[in-house]
Amino acid sequence: MTDLQIAKSGLTGHTVCLCKGGKTIVSDKRGISPIMDFIAEGVDLRGYAVADLVVGKAVAMLFARCGISAVFAKTLSYGGKAVLEKYEIPFGYETLTEKIINRAGNDICPMEKAVASTEDLEEAYALLKEKISRTE
């Protein structure tokens, strides 16, 4: 099995599963929190394949910044797809959607709004860190 196949099978019961060379990392946190946590903890994610429940532009930019090698999303937004294509990260998905909606279901996800006006990975990361610090 490939790393991506292992990550996909490890997604059951979790929100995100990463795999590289048989090593698996999972999280049950929602949104961009797992990847932001891994970055804050200094986890080297280069070369990991990832399976995630929801991939929008925000998390796709984080994946590109971290050097993720392949992505599977249960739900992928057009914005997330564009980022993965731009950085030539192979990907698959079950559902392709126009946009990622917030948890209340009444607006665009605040993390998606935070990165809407940038294409720069470092700027996106800084904007997301700032957005998270204001909502905690």
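The questions and answers below concern salt bridges in a predicted model.

Because the model is predicted, local features need pLDDT of at least 70 and side-chain atom pairs count only at pLDDT 80 or more, while totals for chains, interfaces and linings use all residues. Residues are numbered from 1 along each chain as its sequence is written, and side-chain values use heavy atoms, with hydrogens and water left out.

Reader: How many salt bridges does the rule count?
Author: Side chains of opposite charge can pair when their charged atoms come close. A salt bridge here is a side-chain nitrogen of Lys or Arg within 4 Å of a carboxyl oxygen of Asp or Glu. By this rule, the count of salt bridges is eight.

Reader: Which residue forms a salt bridge with Lys74?
Author: Lys74 lies in strand β4 (residues 70–77), a strand being a DSSP run of E with at least two residues, and a helix a run of H or I with at least four, both numbered from the N terminus. The closest N and O atoms of the salt bridge are 3.6 Å apart, and the partner of Lys74 is Glu94. Glu94 lies in strand β5 (residues 91–97), so the pair ties together parts that are 20 residues apart in sequence. The residue asked for is therefore Glu94.

Reader: What is the relative accessible area of Arg46, which meets Asp44 in a salt bridge?
Author: The side chains of Asp44 and Arg46 have an N to O distance of 2.6 Å in their salt bridge. Buried means under 20% relative accessible area, exposed over 50% and partly exposed in between (1.4 Å probe, protein chains only). Arg46 counts as exposed, and its relative accessible area is 54%.
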